[in-house]
Amino acid sequence: MTLVPLDGDPERGDSPSGGGSSSDAAGDLPPGSAPAGSAPAGTLPAPPAGTPSAGDDSGAKSARTTPASPSTTATPGRTAPAGPTGPADLSWSEPERKATDKRWCEDVALTFTNSGGTAVRSGTVTFGTHVIGALGIDWATVTSDVRLPAPIDAGAHRKKTWTVCVDAWRVPLGMHIETKDVTVRWK
């Protein structure tokens, strides 16, 4: 039995054993020939028996396969909902205030957004209006209720402006009002 080095060129003497002697089995063979059971120089060894070659379609398929694409047809009797579902979910912006020609009134605008699945049918907006003195002291808070601009459909936005006033006697000369607080109740 003869051993053939896997690396190196036996004629140059750089085989793994470091020997490079001409008594190696590969060195005794004529150029271009190979020992029995080995592949000719520059070619890959043949695959083991039972292994399909690259061009052979008769063998097993590759381990990497693409799964079959899912069916795109809908199942009869089942439909997806048309939009968001669930109860109404109302949110509102910070109040946008604008002074009027009367110191005891101001215009207050709010933007309402219903991100729920059903419409807001009715409700009440409560404003908390602060009476502010000449030195910035908050003297009183007066509440007032107005109707919510309903209905507000699911996914809809609605902007509404109200003129909010307090009794004129509550706001003496040099004082003003600021509507800062907003509470909303809806159904």
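## Confidence, a cis peptide bond and salt bridges

User: How many contacts beyond four places in sequence does the model have for residues 17–27?

Analyst: Bear in mind that this is a predicted model. Over residues 17–27 the pLDDT stays under 50. Where pLDDT is low, the predicted coordinates should not be read in detail. With that caveat, the number of contacts the model has there beyond four places in sequence is nine.

User: What is the average pLDDT of the protein chain?

Analyst: Looking at the chain as a whole, 55% of the residues score at least 70. The average pLDDT for the protein chain comes out at 75.

User: Which loop holds P151?

Analyst: P151 is worth a look for its backbone: the peptide bond from A150 to P151 is cis, with omega near 5°. As for where to find P151, go to the loop between β5 (138–147) and β6 (157–165).

User: How many residues apart in sequence are the parts that E96 and K159 tie together?

Analyst: E96 and K159 form a salt bridge, with their closest N and O atoms 3.4 Å apart. E96 sits in strand β2 (residues 96–99) and K159 in strand β6, so the pair links parts whose separation in sequence is 63 residues.

User: What is the N to O distance in the salt bridge between R170 and D167?

Analyst: R170 is partly exposed, with a relative accessible area of 33%. D167 is also partly exposed, at 42%. Their side chains meet in a salt bridge, and the N to O distance is 3.8 Å.

User: E178 pairs with K180 in a salt bridge, so is E178 buried or exposed?

Analyst: The side chains of E178 and K180 meet at 3.6 Å, N to O. K180 is partly exposed, with a relative accessible area of 41%. E178 has a relative accessible area of 19%, and because anything under 20% falls in the buried class, E178 is buried.

User: How many salt bridges does the structure hold?

Analyst: Among them are E96 with K159, R170 with D167, and E178 with K180. The total for the structure is four.

How values were computed
Residues numbered from 1 in each chain as written. Predicted model: local features only at pLDDT ≥ 70, side-chain atom pairs only at ≥ 80, totals over all residues. Heavy atoms only, no water. pLDDT = per-residue confidence, 0-100. Contact = heavy atoms within 4.5 Å. Helix = DSSP H or I, 4+ residues; strand = E, 2+ residues; numbered from the N terminus. Buried < 20%, exposed > 50% of the residue type's maximum accessible area, 1.4 Å probe, protein only.
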